[in-house]
There are 2 protein chains.
Amino acid sequence: MEILSEDKLIDMAELFKIFGDSTRVKIINVLLDKELCVCEICDLVNASQSAVSHQLRVLKQSKLVKYRKEGNCTYYSLSDDHVKKIFMLGCEHLDEM
Amino acid sequence: MEILSEDKLIDMAELFKIFGDSTRVKIINVLLDKELCVCEICDLVNASQSAVSHQLRVLKQSKLVKYRKEGNCTYYSLSDDHVKKIFMLGCEHLDEM
DNA sequence: TAAATATATGAACAATTATTCATATATTTA
DNA sequence: TAAATATATGAATAATTGTTCATATATTTA
């Protein structure tokens with residue numbers, strides 16, 4: 001195992017912190033297999049438009065989701081397979097407790 | 001992919017929240033390949049005995065670490081391979097950004 | 001163009017949490 | 001037994017953060 005710098009450990013904590021909020025995890029969950037627009041996400045995760053929008057911004061800033069605009073709507077999806085992998089591993093861990 | 005209940009998603013957020021603090025991630029990091037007593041951990045992560053002890057309690061409560069007492073000392077180690085796996089995956093993700 | 005729809009965002013507030021400080025407890029050693 | 005060492009823990013404080021509310025912006029439709 002390579003030696004990890006303090007900076008890298010701080011970055012890692014920042015990464016996991018993003019997954020450490022139930023609204024954000026719920027958003028990631030509904031984006032696992034398809035892109036969705038904001039209002040669909042709101043319905044599915046049962047949170048206000050504002051709360052979802054704020055959290056999407058956090059996810060966007062940390063590059064865990066990407067988006068594209070189409071007409072009135074903004075469609076969000078997971079950035080890459082890594083996000084899914086981390087989510088799945090968390091899921092596995094819970095199964096084994 | 002199985003359907004995840006809201007409860008499970010909340011549990012998942014709780015799990016990742018534990019990894020989402022730099023002191024705790026640093027502790028996990030130094031425990032990756034060997035058990036250590038509290039004062040060794042303090043030295044390695046460069047944090048106060050109290051701060052480390054408080055965070056070890058959090059890690060203990062969420063079952064990410066286990067411990068054994070020997071004389072004056074308490075030796076901590078990672079609970080199981082899952083903790084290491086999650087840590088490593090976070091590490092990989094950072095490498096690819 | 002006016003109204004409707006979808007989304008984003010700033011400010012305020014409440015809640016959570018990490019650290020420090022002081023101290024308690026337990027074990028070992030002189 | 002007294003002192004030293006290792007660890008745990010409660011209270012207080014400071015900082016971070018998630019939500020709500022109000023509102024701004026942009027696009028579409030009537």
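Guide: A residue is near a molecule or strand if its C-beta atom, placed from the backbone, lies within 6 Å of it. This is a predicted model, in which local features need pLDDT of at least 70 and side-chain atom pairs count only at pLDDT 80 or more, while totals for chains, interfaces and linings use all residues. Residues are numbered from 1 along each chain as its sequence is written, and chains are lettered from A and ligands numbered from 1 in the order in which they are written.

There are 23 residues around DNA strand C, and those that come nearest are A:C37, A:V38, A:C39, A:S53 and B:G71. At least two residues of this surface are supplied by each of α3 (38–45), α4 (49–61) and β3 (73–78) of chain A, and by α4 (49–61) of chain B. Helices (H or I, at least four residues) and strands (E, at least two) are DSSP runs, numbered from the N terminus. The largest share, 6 residues, comes from α4(A).

By class, the surface near DNA strand C has 7 nonpolar, 13 polar and 3 charged residues. Ala, Val, Leu, Ile, Met, Phe, Trp, Tyr, Cys and Pro count as nonpolar, Asp, Glu, Lys and Arg as charged, and the others, Gly among them, as polar.

The loop between α3 and α4 of chain A holds A:N46. Although A:N46 is not a glycine, its phi is positive, about 60 degrees. Most residues other than glycine have a negative phi. A:N46 counts as exposed (12 or fewer other C-beta atoms within 10 Å, placed from the backbone), because it has 10 C-beta neighbours inside 10 Å.

How values were computed
Buried ≥ 20, exposed ≤ 12 C-beta atoms within 10 Å, placed from the backbone.
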